[in-house]
Amino acid sequence: MGRFIVCDHPLIQHKMTFLRDKNTDTKQFRELVDELATMMAYEVTKDIPLEKIRVQTPVAEAEGFVVGRMLGLVPILRAGLGMVDGMLKLLPSAKVGHIGMYRDPETLQPVEYYFSLPSDVTERELIVLDPMLATGGSANAAIASLKARSCRPTKLVCLIAAPEGVKAVQEAHPDIDIYVAALDRHLNGHGYIVPGLGDAGDRLYGTK
């Protein structure tokens with residue numbers, strides 16, 4: 001079973017409070033998502049293997065270590081885009097793919113409308129990004145779509161999750177590690193996370 005990890009560093013909790021606040025404007029919201037993604041990148045990359053190398057300091061030769069695994073970031077459009085730059089600040093060599101998903105208003109099932117990945121994607125360990133893990137439908141569909149193309153998604157990174165979404169992903173993809181900044185109480189009748197923060201995409205891009 002994949003791990004479920006709540007990244008509850010005090011600074012993450014601090015910024016999550018303002019992210020939730022309905023009075024936080026679009027500019028501030030976007031900046032907070034970016035900062036939180038950078039902070040979570042530390043936890044998400046904690047187990048990346050290192051390779052030993054030798055470097056020459058101004059004084060003597062020294063042993064050092066470099067990240068030994070190729071990574072890729074795959075945001076689920078559109079809200080997942082808000083987390084990309086924050087992650088890239090710590091993972092500048094990671095390549096970025098994109099999966100577009102929307103929820104059918106009648107069936108409430110995810111529908112894929114866009115898929116684009118780097119040419120060397122099968123050589124990379126992929127981290128899927130989506131600020132909200134509500135029902136788990138979009139995350140499950142995105143992960144399944146990657147696996148169907150012989151890719152290696154290993155981690156799902158979200159800011160806020162509902163227990164229902166966590167359970168759905170764990171059942172459908174038990175090999176995936178899930179990282180969140182907060183685990184909330186439940187979903188309401190409209191599929192929104194409670195207390196949550198509303199619609200992350202709308203708040204990121206000012207469309208509401």
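Colleague: Which residues form the nonpolar patch on the surface?
Modeller: A patch is built from residues with over 30% relative accessible area and no salt bridge, joining nonpolar side chains (Val, Leu, Ile, Met, Phe, Trp, Tyr) within 5 Å and like charges within 9 Å. The areas come from the Shrake-Rupley method with a 1.4 Å probe, and for residues only the protein chains shown count as cover. Together the members have about 320 Å² of accessible area, and they are Leu50, Phe65 and Val67.

Colleague: Before we go on, what pLDDT do local features need here?
Modeller: Residues are numbered from 1 along each chain as its sequence is written, and side-chain values use heavy atoms, leaving out hydrogens and water. This is a predicted model, where totals for chains, interfaces and linings use all residues, side-chain atom pairs count only at pLDDT 80 or more, and local features need pLDDT of at least 70.

Colleague: How many salt bridges does the structure hold?
Modeller: Side chains of opposite charge can pair when their charged atoms come close. The cut-off is a side-chain nitrogen of Lys or Arg within 4 Å of a carboxyl oxygen of Asp or Glu. With that, the number of salt bridges in the structure is 15.

Colleague: How far apart in sequence are the parts that Lys155 and Asp47 tie together?
Modeller: Those two form a salt bridge, with their closest N and O atoms 2.7 Å apart. Lys155 lies in strand S10 (residues 152–157) and Asp47 in the loop between helix H2 (26–44) and strand S2 (50–56), so the separation the pair ties together is 108 residues.

Colleague: Is Lys155 buried or exposed?
Modeller: Buried means under 20% relative accessible area, exposed over 50%, and partly exposed in between (1.4 Å probe, protein chains only). Lys155 has a relative accessible area of 3%, so Lys155 is buried.

Colleague: Which strands do Lys52 and Glu63 tie together?
Modeller: Their side chains meet in a salt bridge at 3.8 Å, N to O. Lys52 and Glu63 sit in parts 11 residues apart in sequence, so the pair ties together strands S2 and S3.

Colleague: And which residue forms a salt bridge with Arg149?
Modeller: Arg149 lies in the loop between helix H4 (137–148) and S10, and its partner is in strand S7 (residues 110–116), so the pair ties together parts 37 residues apart in sequence. The closest N and O atoms are 3.6 Å apart, and the partner is Glu112.

Colleague: What does Met132 contact, beyond its neighbours within four places in sequence?
Modeller: Met132 is buried, with a relative accessible area of 18%. Taking contact as heavy atoms within 4.5 Å, the partners of Met132 are Ile160, Ile193, Leu197, Gly198 and Ala200.

Colleague: Where is Gly136 found?
Modeller: At 4% relative accessibility, Gly136 counts as buried. Leaving aside neighbours within four places in sequence, Gly136 is in contact with Gly165 and Val169. The place of Gly136 is the loop between S9 and H4.

Colleague: Which residues of the other UniProt "binding site" set, Ile193, Gly198, Asp199 and Ala200, line the largest pocket?
Modeller: The unreviewed entry lists those four for "binding site". The lining of the largest pocket takes in Ile193, Gly198, Asp199 and Ala200. A pocket is an open set of points on a 1 Å grid over the protein atoms alone, where a 1.4 Å probe fits, with protein on both sides within 12 Å along at least five of seven lines, and lining residues have an atom within 4 Å of a point. By that rule, the lining residues are Ile193, Gly198, Asp199 and Ala200.

Colleague: Which residues does Asp199 touch, not counting those up to four places away in sequence?
Modeller: Asp199 is in the loop between strand S15 (193–194) and helix H6 (200–205). At 26% relative accessibility Asp199 counts as partly exposed, and it touches Arg78 and Tyr192.

Definitions and conventions:
Helix = DSSP H or I, 4+ residues; strand = E, 2+ residues; numbered from the N terminus. UniProt positions renumbered as here; feature names shortened; annotations may be inferred.
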